[in-house]
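Please open the model in your viewer and keep the selection tool at hand. The tour below moves from one selection to the next and says what is found at each stop.

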Amino acid sequence: MDMKILVVGGGGREHAIVRALSRNSDVKLYSVMARQNPGIAQVSEKVLLKKETEVREVAAFASECAVDYAVIGPEAPLEAGIADVLHEAGIPCVGPTRMAARLETDKAFCRTMMEKHGVAGCPLYRVFHGDAEGACDFIDAYDDDLVVKPIGLTGGKGVKVMGEQVDARGAKEYVHTLGGDVVLEERLIGEEFTLQAFVDGNHLVPMPLVQDHKRAYEGDVGPNTGGMGTYSLEDHLLPFVSRVDYDAALEIMRSAVAAMITEGQPYRGILYGQFMNTRDGPKVVEFNSRFGDPEAMNVLSILESDFSEVLCRIVDGTLSQAHVKFAPKATVCKYLVPEGYPAAPVAGAPITLGDYGDALLYYANVEEKDGRLSTLTSRTMAFVGIGDTLEEAEAQAETAAGSVGGGVWYRHDIGKKEILEKRIAHMREIQ
């Protein structure tokens, strides 16, 4: 019997969701996206080109198509209450309600919730609402470096780190540009890693650990981006995250889910935990209320379970570890971006695809006309290599990314053994 599933969003993350769902031939896919993603459109029964935050129109489309479930990719429609509106229309949704999504969309709520319920891993922080002078006074009085975070959504690019991107003066100037609506947090020193999990309101099932690379240029320098690439290892762990540290991070995630139940806002969907592994163990950099991009591409590329069944169990509240299995493979994802990205991306440049071998291609922000591809102003496409080892996966992704011609570039060092060894050495030095 056919199952109709709506996927909301048109980026690389959503292409990964669609590809994972399409492995079940009984699934019929429907899509809503602001701009057409050729990879998603190719396997969709019907596409609505509409801003994902126009939630009433999305819900009307879902009802018209008589979909059985909806899966929400990006964070903006979650903040706009898309899950609530779909539930009102009788359509089960894999994605938290607007109030539950505040774990990501309201950084002040996230920190105060963690403190209120004793969720471990919360850094020292202070919240300021429209109080730029108070925030600047706190910066002046604090003896060490701080991180300046806008309270709301910033697409992963709004955080400023003292001692890395700005000095104290620059931090205070940034506070004023934000109107004093900020969270100031201690700067955490360590190695970042991502732990994503499926959550059905009560039960949490983790996915393989992934490490992202936010900085634009090789060697982890340059401005922050949405993510230039990611890797995961065949044992689904990372060598700079001990088993004790992993268990601690997982317990933090479980505690956050339990806290949301206590708050009266059960969390259903994908929970993304961004952690900094410090000398004192993992600390929460942030929670996201959806898959990461590119992290979704790493984990969904090796998901062996029927993804549609996993989604059904999230909705029904019957999810367990027995329903989720990932292949024991390493993955490397390399994002291709337009020339000039991220400061001044060049749109309209032609792109030519070569022979990309066995790597998986995920389209993101790309235009297709008459079978020809061209750049837009954000990350263009990604290749995921899969192998028995990191070296095999990286070689596959590198060959694929190198086969593309035209106005795009990428970081060659993503997934290289040298960068992993650098992470391990850094963690040893800290501990």
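A search of the whole structure finds two cavities of 30 Å³ or more. On a 1 Å grid over the protein atoms alone, a cavity is a set of points where a 1.4 Å probe fits but cannot get out, and lining residues have an atom within 4 Å of a point. Grid points are joined across faces, edges and corners, and a volume is the space filled by probe spheres set on the points. Bear in mind that this is a predicted model, in which local features need pLDDT of at least 70 and side-chain atom pairs count only at pLDDT 80 or more, while totals for chains, interfaces and linings use all residues. Residues are numbered from 1 along each chain as its sequence is written, and side-chain values use heavy atoms, with hydrogens and water left out.

**The largest cavity**

Select Leu 103, Glu 104, Lys 107, Cys 110, Arg 111, Lys 149, Glu 185, Val 285, Glu 286 and Phe 287, which line the largest cavity, a space with a volume of about 50 Å³. At least two lining residues come from each of helix 6 (102-105), helix 7 (107-116) and strand 17 (281-288), where helices (H or I, at least four residues) and strands (E, at least two) are DSSP runs numbered from the N terminus. By class, this lining holds four nonpolar, no polar and six charged residues; Ala, Val, Leu, Ile, Met, Phe, Trp, Tyr, Cys and Pro count as nonpolar, Asp, Glu, Lys and Arg as charged, and the others, Gly among them, as polar.

**The second largest cavity**

Next, select Ile 17, Val 71, Ile 72, Val 94, Ile 270, Phe 291, Phe 307 and Leu 311, the lining of the second largest cavity, whose volume is about 30 Å³.

**Helix 1 against helix 12**

Now show helix 1 (residues 12-22) together with helix 12 (residues 307-316), which pack at an angle of about 105 degrees with their axes 7 Å apart. Axes are lines fitted to C-alpha atoms, for helices over the stretch in contact, and angles run from 0 to 180 degrees between N-to-C directions. The two helices, helix 1 and helix 12, are therefore roughly perpendicular to each other, a label that covers angles of 65 to 115 degrees. Ile 17, Ala 20 and Leu 21 of helix 1 make the contact with Phe 307, Ser 308 and Leu 311 of helix 12, contact meaning heavy atoms within 4.5 Å.

Move on to the open sheet of four strands with the order 6-9-7-8 and antiparallel pairing, where two strands pair if DSSP finds at least two bridges between them. Its edge strands are strand 6 (125-128) and strand 8 (160-161), each pairing on one side only. Inspect strand 7 (residues 146-150) and strand 9 (residues 182-186), which run antiparallel and are joined by five bridges; Val 148 has Leu 184 of strand 9 as its bridge partner.

Technical notes. Parallel < 35°, antiparallel > 145°, perpendicular 65-115°, else oblique. 1 Å grid on protein atoms, 1.4 Å probe; cavity = no way out; pocket = protein on both sides within 12 Å on 5 of 7 lines; lining within 4 Å.
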